[in-house]
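This report looks at two parts of one model. Please keep the sequence and the structure in view while reading.

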Amino acid sequence: LLCFFLLLCSSVVKAKASPLFTFIYPQDPVLRMGSNLTASCWVHPDLGVHASSLFWTLNGQQLPSSLYRVLSPTNLSVTLAGLNASKQKSGDNLVCHNHKGHILAGSCLYVGMPPEKPVNLTCWSRNTKDLTCSWAPGGKGETNISTQYTLKYKLRWYGKEKECEDYTHAQPYSCSITRDLHLFTPYEIWVEASNQLGRATSDVITLDILDVVTTDPPSGVTVSRVGQLEDQLSVRWEAPPALKDFLFQAKYQIRYRLEDSQDWKVMDDVGNQTSCRLAGLRPGTVYFVQVRCNPVGIYGSRKAGIWSEWSHPTAASTPHSERLTSGSCDSKSSGDSNSTLRRELKQFFGWVRKHAYGCSSMSMKLYDQWRVLMQKSHKARNQVLQGDKS
């Protein structure tokens, strides 16, 4: 279709250069959706072709003769009412043919809407090395004709207006500023949209690069077992390398999921530590774990940074449980005292687990000792129960 479009444009140029060629007027019009158009196909008299023998096509489909009007022996018009949006950015092909179907001349119709005010302008800086901004078209989004978006910026108080040059193809409404960046100085940033039917400008946002810093994900993420504790895993990682020389207070998040699940559980209370203990896990189960970083207060900024992407998933499994998997009942001879003791131990264990869960600064030593003791107690009790049943 693009080649056909180029052929039509080439034909038009030749038509203007030679007195024996046919041409269409208006040539390549740009119209609003819903507009009406009357186009004329003019044939040079020396070609010996009468206008009544001509016909029109739009994007390869022949238009009904009821839309035609013979204006003269050498001029046939067609009227299109309530035009729909162009089906492609290169325009719709309106073509005039002779009675044998040969192309005499063509015109490209561009039918769309003027751009609306761009919205959702958001910017971030990766490791303070660039400033990337993205936005969305206003209104319903698509204008149906070629529309140019230009990201503009300047230093707030004394800067000269500049245009971003590094537009990304993966995200059509995104551009990165990579040169002559200034820290500790606010920028004014906005987007201008324009096409042949109009112009529109987004709201202006003001920001300091240090307030919108994001970073690479934490590196060196490892996940390992905690001895034989069947419901825990230890997670360790390193701060993002690109920010090691920066003055900032990072905070981290961890998320983890079961191997056969897509539902992630997020831990928000990690703080600025580079290690964490996951508790309350299923025994003998594979977990996937990821970590991300937020560079808070970089170089004294009072605003929180932007969360990085999650690190690549790291997998580890919890130890298998040695408890009985079949149902069993406590012996009645154990008495109420054992029942009371178990209840008290359960309450104590719940208290320890509640205060040790997550990544607080509390020492885990007592908790680990208690868990080992509990597992040994369960194992011994199960052996007794099995002996009684035999």
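Asp92 stands opposite Leu109 in β9. The model is a predicted one, in which local features need pLDDT of at least 70 and side-chain atom pairs count only at pLDDT 80 or more, while totals for chains, interfaces and linings use all residues. Residues are numbered from 1 along each chain as its sequence is written, and side-chain values use heavy atoms, with hydrogens and water left out.

Strand β8 (residues 92-97) runs antiparallel to β9, and six bridges join the two. Strands here are DSSP runs (E, at least two residues), numbered from the N terminus, and two strands pair if DSSP finds at least two bridges between them. The hairpin of β8 and β9 has five residues between the strands, and Gly101 there takes a positive phi near 95°.

Strand β2 (residues 30-32) pairs with β9 in the parallel sense, over three bridges. Val30 has Tyr110 as its bridge partner in β9.

## Burial of β9

Why is β9 largely enclosed by the rest of the structure? Nine of the ten residues of this strand (residues 103-112) are buried, so the rest of the structure largely encloses β9. Buried means under 20% relative accessible area, with a 1.4 Å probe and protein chains only.

## Asp208 in its loop

Asp208 lies in the loop between β18 (205-207) and β19 (213-214). Its relative accessibility is 15%, so Asp208 counts as buried.

The side chain of Asp208 reaches the backbone nitrogen of Leu210 at 3.0 Å. Leaving aside neighbours within four places in sequence, Asp208 is in contact (heavy atoms within 4.5 Å) with Phe184, Thr185 and Pro186.

Technical notes: Buried < 20%, exposed > 50% of the residue type's maximum accessible area, 1.4 Å probe, protein only. Helix = DSSP H or I, 4+ residues; strand = E, 2+ residues; numbered from the N terminus. Polar contact = N/O pair within 3.5 Å; in protein donor to acceptor, adjacent residues only side chain to side chain.
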